[in-house]
Amino acid sequence: MATNQIRREAAKRKLENQQKRRAERARRRQRTALITSASVVVVVVVAVVLLSTVGMPGGGDDPAAPPADAPTPSAAPAALGDCAFTPTPDEPAAKPAPVPTVTTASTSGTAAVSLETNRGPIPLTLDRATGPCAVESFLSLVNAGYFNDTPCHRLTTGEGLKVLQCGDPTGQGTGGPGYTINDEPPTNLAPAPSGGGTVIYPRGTLAMAKTSAPNSGGSQFFLVYADSTLPPDYTVFGTVGPDGLATLDAIAQGGSDDANGPGDGAPRTPVTIQTATAA
């Protein structure tokens with residue numbers, strides 16, 4: 001074979017090898033991009049689910065996440081004690097309930113409420129210093145009989161989130177009182193060791209449920225039976241007494257039906273608030 005032909009064949013093989021290497025590198029980059037994109041999607045989905053885990057609004061959407069669009073920016077909180085109870089005509093009350101008419105609420109003092117359930121008593125102490133508008137709304141609903149004969153529809157037992165959720169007469173996690181309440185974000189909770197802007201809602205906390213949207217709380221609330229890690233977005237408006245914690249512990253031991261995922265669903269031991277009364 002002539003020398004020039006040998007050189008041409010060698011150059012051709014070299015070019016072919018270079019093209020193969022470039023194609024393989026391109027394929028690797030494409031695979032990496034696909035894997036990275038998939039990882040980002042998983043992280044976003046997990047974050048959205050976590051944000052809506054306790055996010056049952058006044059007329060909410062538990063446990064499904066809100067639409068996966070850009071996060072709703074947080075609204076600037078009103079001054080503590082300035083209340084806004086906003087009717088929701090598109091989401092009527094799941095059970096007859098008056099819309100509170102007060103525009104300001106006291107920020108001092110406490111009120112006692114007793115939840116009598118089929119699993120035992122859950123005494124509550126409402127604290128106006130941390131959630132005055134939530135206390136005003138809760139007492140209004142109690143006095144209207146709104147919580148009587150209603151289920152506690154959700155129990156979470158997973159790592160970092162251990163709560164019993166109640167306050168929806170439909171038992172589906174979608175019902176509310178026909179109005180929403182302004183947020184009263186907690187300012188005195190300890191940062192969670194995991195960081196990420198989360199805080200610890202300690203055992204015995206009584207807090208309002210909501211979606212990730214600002215000012216979306218209503219009638220649903222959650223009772224924390226073990227320290228739980230959440231963003232500082234959920235109004236804390238009281239505490240659970242020792243007898244109530246004993247009742248919650250017994251309910252938690254029964255576990256959830258995992259309908260919403262592992263450790264998240266309806267209590268396996270059905271829980272009904274038979275009566276709610278204010279002292």
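**View 1. Strands E6 and E10 run side by side in the antiparallel sense.** Strand E6 (residues 161-166) pairs with strand E10 (residues 221-224) over 4 bridges, and Val-163 sits opposite Val-224 in E10. Strands here are DSSP runs of E, at least two residues long, and helices are runs of H or I, at least four residues long, numbered from the N terminus; two strands pair if DSSP finds at least two bridges between them. This is a predicted model, in which local features need pLDDT of at least 70, side-chain atom pairs count only at pLDDT 80 or more, and totals for chains, interfaces and linings use all residues. Residues are numbered from 1 along each chain as its sequence is written, and side-chain values use heavy atoms, leaving out hydrogens and water.

**View 2. Here is the open sheet with its antiparallel pairing.** Its 10 strands follow the order E4-E14-E2-E3-E12-E9-E10-E6-E5-E13. Strand E4 (150-151) and strand E13 (264-265) stand at the edges with a single partner strand each, so one side of each has no neighbour in the sheet.

View 3. Phe-147 is in the loop between helix H2 (132-143) and E4, and Phe-221 is in strand E10, so the pair ties together parts 74 residues apart in sequence. Both Phe-147 and Phe-221 are buried (under 20% relative accessible area; exposed is over 50%, partly exposed in between, with a 1.4 Å probe and protein chains only).
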